[in-house]
Amino acid sequence: METLDELRTKIDDIDNAIIAKLAERFKITNQVGEYKAANKLPAKDTDREAKQYQRITELAVQHDLDPEFAKAFLAVVIERVIQNHEEIAEKHAKK
């Protein structure tokens, strides 16, 4: 049996990977925001969001994760992405 410290080290490693992947995700979504701003597209894309929620629900079920938790997590991420896209659009509008 693993010790508590060993288990916590594994948790820390997973947390590190999650943060690294979130940073990577936001770099890409900021590129999407730049594209949307340059092409005068809205920050919010409800069709894309609906597809993402469905995809995340299916993934959560596949991985034995509570789908409602997964959707709540995604909602926080999407809210921040939209906020970033709006800020990027404002910067483009001032140019």
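This is a predicted model: local features need pLDDT of at least 70, side-chain atom pairs count only at pLDDT 80 or more; totals for chains, interfaces and linings use all residues.
Figure 1. Together with Ile 14 and Ile 19, Ile 18 makes a nonpolar surface patch of about 280 Å².

**Figure 2. The salt bridge between Lys 10 and Glu 2.** A search of the whole structure finds four salt bridges, and one of them is shown here, in which Lys 10 pairs with Glu 2 and the closest N and O atoms are 2.7 Å apart. Both partners fall in the intermediate class of accessibility: Lys 10 is partly exposed at 43% relative accessibility, and Glu 2 is likewise partly exposed, with a value of 36%.

**Figure 3. The salt bridge between Lys 21 and Glu 24 in helix α1.** The side chains of Lys 21 and Glu 24 form a salt bridge whose closest N and O atoms are separated by 3.2 Å. Both residues lie in helix α1, where they are three residues apart, or about one turn of the helix. Lys 21 has a relative accessibility of 54% and so counts as exposed, the cut-off for that class being over 50%, whereas Glu 24, at 40%, counts as partly exposed.

**Figure 4. The salt bridge between Glu 68 and Lys 71 in helix α3.** Glu 68 is joined to Lys 71 by a salt bridge, with 3.1 Å between the closest N and O atoms. The two residues are three positions apart in helix α3 (residues 67–94), a spacing of about one turn of the helix. With a relative accessibility of 51%, Glu 68 counts as exposed, while Lys 71 is partly exposed, with a relative accessible area of 26%. Lys 71 is also among the α3 residues that meet helix α2.

**Figure 5. The packing of helix α2 against helix α3.** Two packed helices are described by the angle between their axes and the distance between the axes. For α2 and α3, the axes come within 9 Å and cross at roughly 145 degrees, and the crossing is right-handed. On the α2 side the contact is made by Glu 49, Gln 52, Tyr 53, Ile 56, Thr 57, Ala 60 and Val 61, which meet Pro 67, Ala 70, Lys 71, Leu 74, Ala 75, Ile 78 and Ile 82 of α3.

Figure 6. Glu 49 is found in helix α2, which covers residues 46–62. Its relative accessible area is 13%, and because residues under 20% are classed as buried, Glu 49 is a buried residue. When neighbours within four places in sequence are left aside, Glu 49 is in contact with Lys 44, Ile 78 and Ile 82; of these, Ile 78 and Ile 82 are α3 residues that take part in the meeting of α2 and α3.

Figure 7. Gly 33 is found in helix α1 and counts as buried, with a relative accessibility of 2%. Apart from neighbours within four places in sequence, Gly 33 is in contact with His 85 and Ile 88. The C-alpha atom of Gly 33 is separated by 7.1 Å from that of Ala 43, a residue 10 positions away along the chain.

Technical notes
Residues are numbered from 1 along each chain as its sequence is written. Side-chain values use heavy atoms; hydrogens and water are left out. Patches are made of residues with over 30% relative accessible area and no salt bridge: like charges are joined within 9 Å, nonpolar side chains (Val, Leu, Ile, Met, Phe, Trp, Tyr) within 5 Å. Accessible areas come from the Shrake-Rupley method with a 1.4 Å probe; for residues, only the protein chains shown count as cover. Buried means under 20% relative accessible area, exposed over 50%, partly exposed in between (1.4 Å probe, protein chains only). Helices (H or I, at least four residues) and strands (E, at least two) are DSSP runs, numbered from the N terminus. Contact means heavy atoms within 4.5 Å. Axes are lines fitted to C-alpha atoms, for helices over the stretch in contact, and angles run from 0 to 180 degrees between N-to-C directions. A crossing is left-handed if the near helix is turned anticlockwise from the far one by less than a right angle, and right-handed if clockwise.
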